[in-house]
Amino acid sequence: MAGLLNLGVLISGNGSNLQSIIDHIEAGSLLAVIKIVVSNNPDAFGITRAKKHGIPFTVLKNSDFKNKEAFDVAMIKTLKDNDVELVILAGFMRIISPALLKVFPGRVMNIHPALLPSFPGLHAQKQAFDYGVKVSGCTVHFVDEGVDTGPIIIQAAVPVLDGDTEDTLAARILKEEHKIYPRAIQLFAEGKIEINGRKVRVIN
């Protein structure tokens, strides 16, 4: 596996973005290896996805730790023990700590189902739909200490159609997520991402 980017993928639920990353790796379009999948939910379907593809996984239940700091220590140790180079958030329903960001500076990525900086936080598709926007989409960004405030890597626009419901819009956004997240990770693997303050430059 020499030459491949070592990923640690954090999940809490269905893991459809995890599946997309797995599919791109297996197709040879993403030069990476998932070293570990970490879930804070023992019932996450993403664990089943990892098992199906023979990917190592571990569960760190929130309730097994006396406080947030103890959870963070365990998370950092798990990622370091597996030689993770880039941390991927794929529906991980927990705020990332400054401690983890310090250990992986500029090496934690997230995908958000809206065109940031609009509609950060939870239920972004509903926020956008209820607001009445004509264009929504998704954003891959680096994680900082704010909520969905880190430097933006890639965005994809998704038009809001007259007949849309929140669910149909969310489904079309998800299709774009599955395209741009692996692409952003591949750019990182190729060393083509340069962060300068708030701006991310993709080097050709």
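1. **Before you start.** The model is predicted, so local features need pLDDT of at least 70, side-chain atom pairs count only at pLDDT 80 or more, and totals for chains, interfaces and linings use all residues. Residues are numbered from 1 along each chain as its sequence is written, and side-chain values use heavy atoms, with hydrogens and water left out.

2. **The sheet.** Begin with the open sheet, where 7 strands stand in the order E3-E2-E1-E4-E5-E6-E7 with mixed pairing. Helices (H or I, at least four residues) and strands (E, at least two) are DSSP runs, numbered from the N terminus. Two strands pair if DSSP finds at least two bridges between them. Strand E3 (57–59) and strand E7 (152–159) are at the edges with a single partner strand each, so one side of each has no neighbour in the sheet. From one strand to the next, the twist averages 20 degrees. (Axes are lines fitted to C-alpha atoms, for helices over the stretch in contact, and angles run from 0 to 180 degrees between N-to-C directions.)

3. **Strand E1.** Is E1 largely enclosed or left open by the rest of the structure? E1 is largely enclosed, because 7 of its 7 residues are buried. Buried means under 20% relative accessible area, exposed means over 50%, and partly exposed lies in between (1.4 Å probe, protein chains only). One side of E1 carries Leu5, Leu7, Val9 and Ile11, the other Asn6, Gly8 and Leu10, and both faces are covered. E1 runs parallel to E2, joined by 7 bridges, and leucine 10 stands opposite valine 38 in E2.

4. **Strands E2 and E3, with two helices.** Strand E2 (residues 32–39) also pairs with E3, in the parallel sense, over 3 bridges; here serine 39 stands opposite valine 59. Helix H3 (residues 68–81) packs on the sheet and touches E1, E2, E3 and strand E4 (86–89). The direction of H3 makes about 160 degrees with that of E2. Helix H2 (residues 45–52) lies across strand E1 (5–11), E2 and E3, and runs at about 155 degrees to E3. Contact means heavy atoms within 4.5 Å.

5. **Lysine 51.** This residue is found in helix H2. Lysine 51 counts as exposed, at 53% relative accessibility. The C-alpha atoms of lysine 51 and valine 37 are separated by 9.9 Å, with the two residues 14 apart along the chain.

6. **Two helices that cross.** Two packed helices are described by the angle between their axes and the distance between the axes. For helix H5 (residues 124–131) and helix H6 (residues 166–189), the axes come within 9 Å and cross at roughly 125 degrees. H5 and H6 are therefore oblique to each other. Angles under 35 degrees count as roughly parallel, over 145 as roughly antiparallel, 65 to 115 as roughly perpendicular and the rest as oblique.

7. **Two buried glutamines.** Glutamine 19 is in helix H1 (residues 16–27) and is buried, with a relative accessible area of 15%. The side chains of glutamine 19 and histidine 53 are joined by a polar contact of 3.2 Å. A polar contact is a pair of N or O atoms within 3.5 Å; within protein, one must be able to donate a hydrogen and the other to accept it, and residues adjacent in sequence count only if both atoms are side-chain atoms. Glutamine 186, in helix H6, is buried as well, with a relative accessible area of 5%. Not counting residues up to four places away in sequence, glutamine 186 touches Ser29, Leu30 and Leu31.

8. **Backbone points to check.** Most residues other than glycine have a negative phi, and most peptide bonds are trans. Aspartate 83 has a positive phi of about 55 degrees although it is not a glycine; this residue lies in the loop between H3 and E4. Aspartate 148 has a phi near 60 degrees and lies in the loop between strand E6 (135–142) and E7. Is each one buried or partly exposed? Aspartate 83 is partly exposed, at 48% relative accessibility, whereas aspartate 148 is buried, at 15%. The peptide bond from leucine 116 to proline 117 is cis, with omega near 10 degrees.
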